[in-house]
Amino acid sequence: MAEEVKATWPKGEEIVSALLEKAPYAEGSVRRERRLEFKVPADRIVDFLRTAKASGFELLLQITAVDWPNEGEIELVYQLFSISHGTHAMAKTRVPRDDARISSVMDIYPVAETYERDAHEFYKVVFEGNPKLEMPWILEDEDREAGVSHRKDFDMLGYVKKKYKILDRFDEDKENYVI
Amino acid sequence: MEEITFKVAPESKVKKKPSFLKPWLSLKYLFKKPVTIKIPYESIEPAEGYRGFHTLDWNKCVGCNFCGQICPARAIEMTWIEVDGKMEKRPHPKIDYGRCTFCQFCVEVCPPGALGFVESYMLTTEWNEEELQLFDWVPIHPDKFKEIQETYRDWRFPVEKIKFDKETKEVTYYLRNGEEFKFKILGYGIRPPKPPAKPTVKAEEKAQAKPEEKTQTKKPELDAESEKAD
Amino acid sequence: MVDWRLFDPLFEYARKRSMWIVSFCTGCGGIEMPPLATSRYDFERFGVMPNPSPRMADLFLITGYVTPKTLKRIIITYEMQPDPKYVLAHGSCPLNGGIYWDGYNAIKHLDKYIPVDVAIAGCMPRPEAVMDGIQKMMELIETGEADGWKRYKENYEWYRKNQDELFGEGWREKTARRWIPWLMDKKKEVKEE
Amino acid sequence: MVSQQELIREARENGMELLPLEKDTYELFFGPQHMATENYSLILKMDGHRVVKAIANVGFLHRGFEKLAEYRPWHTNIALLLRICVPEPDVPEAIYSMAVDEIMGWEVPDRAQWIRTTVLEMARVSAYLFWIMGLSFKLGVYTAGQWAAAYRERLMALFEQLTGGRVYHIYTIPGGVRRDIPGDRWLRELKDTVEYIKAKLKDFDNLLFENYIAHRRLEGIGVMDKKFALAEGVTGPNLRATGVAYDVRRADPYLLYPELDFEVPVLKEGDALARAMIRRFELEQDLYILEQLLEMGPPSGPYKVQDPRLKNLPRLKVPAGDAFAHVEATKGDFGAYVVSDGKNKPYRVQIRGPSISHGVRVIEQLLVGARLADVPVILMSLDNCPPDIDR
């Protein structure tokens, strides 16, 4: 299905090829109408976003971190939106899971500071150059110390039992429940 | 660049001029009928199909646990029940209103259509262990529920009091119209309970552990009230 | 010396008819507060009124789920309220965790941390149900059964223990000091040195 | 006479530092127990009645939705995620459903699209009325707030008939909607309500939007310019008030919006007054859209995708893939990014609420130099919704 739509949005192809000319290290494709996708190596993400901003992607909507423990990587998805082209674009990059480090894009999109704080809090990604990473964000200190995160290996139910001291009534035949 | 066809509104339409006099025009509302619903004396009814409390046709229920699987809050627990000394062939869902979000996905997925809901939504209790029993029940038959609702027409929970005997696991529903309804909980889970005494089954009362003092102070008052109500 | 207990029925009646609410929207139920407070349901008819300061309030509405971070503020606010004070809990979440039963950041049993007098079912409760809860609360106040504040005093050690277990010892001071390093003007510090 | 606000604006435009930082300052904890903040806290460093520095303290409403969603079946997440935006819960429902539809490759039937559009527009109207209420309470024009809350009840009643829920509708699901329209009576009632609220708009104008006092209070506070707004990721009416014509309904059309006719308001001032005016005009436009939708009438056909997989909701598997969907909410650009790995539960759900930019960095910068009395008004004019930030 994606192939059909690809052909019907030549404007997207133009945007992608124009952007890739300036940033040859990235890969780009058109998903469907108004959805572009770029794959960028982690060390060039700052350059790429600078290029992207210069070529019309004014808004950074979110930085999403996705944990892929089997591959040992954390994927960072920079959700960009271009008002002038009217298209959304995802810039995907991957950092190793054990040592999740990437440089901050604060000086390109100042709002990234907030998103980076969020990703740091829940996925323990370190954004070099962001001064507010250690500032209290959503979680309380005791939760932070206890290692609450949204990574896949965080045992939420175990933590809940430990923290709130509840006995869950469904423990015995857990396999019978979807959750 | 191009292509996006925004129809931008002219500024004159968007902007408003400040005025000293216009706010006074709203004085006309002084002579209008108030919209207030005077609640103890007047009442409004929930719309048809309002997602309220559950009902369960015990004969139709096949104990498939689809409701338990879809429940986002895991409020549903399959319960093995004995009525009049006879065990029901299949487990029935027991719903905890301390968790239920009234999304009614359970009703949607119920294959035989045994689980249903009515528009009643009101359940107010004092916060103590005995009264909070009301929040955890095996729903009653829809006809019964509707009958009680028709009698009182105030959208309240049909059960006045639930008595749960921890030793014998006997549950008594005191319905609002004075009827009593007794059954025995044999066990939880989708597998049938083993006939002899089963230590593995944990009652959910543990989850609602309370300080001793509270229940002691509450008890006499409660009994007095329940007598009054009867 | 006047025996003030003689006037208790009068006091209880007055308390019942002038419950002021702490305006603290602790959860999603806060969205049903404006309809209740404004012309449509208008709980001012019962003498219930939202009030900015906890020092002048009687009734605390726990509108829905409570996160530990909010619970710290709830406890501080609750302790600031003068006696007698009453707590009304909305909906499923304060009772048994609600939809957040497995969530790491929602309180499962609120009565472990502060005493609650009345519980209302629903997610979220309709305004009529909240009104019903308020009426129930009025009844309980008149009969003197709404004694959560007394329980809190009597079992203070127990509540305090649960609170400390959840938040860690010395959480009050820690919470107050948490923001100080971030409020300091760093330039100024350098100058002073 | 030059007003104080104008002085501040001038000083800001010239890039002047308003307050000498050497003076003695004090800290003020604004919220969460405050009527204006809705369980959200601002830590203000004050000099007299002026704010020198502001820090947003968020997280009071954090429930970890994004983690919880990974433990629940696909459809069930609707009952969970809609709690992110309480004033208009249909928005998270719609974006999540749209993203899942895209991964599943479902073509949502026309009737479902019509219903979804209508529900979204109704949610917008009710959220704007809620916002009018909030603004009027912060400005001291209590009467307008009372009206707005009462008119919103009419929409709530309609929602109740349609979806079965008053506030939490749990209505839009992946593949369509949960119930059909209850009948022509509902459509007639919706029409009546739209006409009723439209007639009442004039009263709102008279009392609130053309009120001299309201104008004086809103004018010149919380000024943003275009460059700042774009850099800070400001979206929605707040961005439009700075002169950028950006509306997701036009820039990235979804549902039936390409077929509908409406005007996008754009103003250049970027202050609280401009934001209020934009919102007022959008309320009018939303009512106009609802009128058009009613004129169009719901197309016949199924209200749900006809897919055998929908029979077994707990075990419904969504093929591996990811999708981003966003809609224009009253607060701004609300987006959802959903990743699936082929199981019966989502692999990752991220909801992007507009307030994550408005409520943190934007407010921290807009408040510098503002007076304490203006803080609630600026917060309200940005239409900050704390659960968006905390999730």
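Chain A is divided into domain 1 (2-138) and domain 2 (140-179), with bounds that come from an automatic or database domain assignment. The structure is a predicted model, in which local features need pLDDT of at least 70, side-chain atom pairs count only at pLDDT 80 or more, and totals for chains, interfaces and linings use all residues. Residues are numbered from 1 along each chain as its sequence is written, while chains are lettered from A and ligands numbered from 1 in the order in which they are written. Five residues from domain 1 of chain A and five residues from domain 2 of chain A take part in the contact, where two residues are in contact if their C-beta atoms, placed from the backbone, lie within 7 Å.

Between chains, 28 residues of chain A are in contact with 33 residues of chain D. On the side of chain A that touches chain D, at least two residues each come from strand 3 (59-68), strand 4 (73-82), strand 5 (87-96) and helix 4 (112-123) of chain A. Strand 3 of chain A gives the most, with six residues. Helices (H or I, at least four residues) and strands (E, at least two) are DSSP runs, numbered from the N terminus.

Within chain B, confidence is highest in strand 2 (residues 54-56), at 88, and lowest in helix 6 (residues 212-229), at a mean of 37. Over residues 198-230 of chain B, pLDDT stays under 50, and the model has 35 contacts beyond four places in sequence for these residues.

Notes. pLDDT = per-residue confidence, 0-100.
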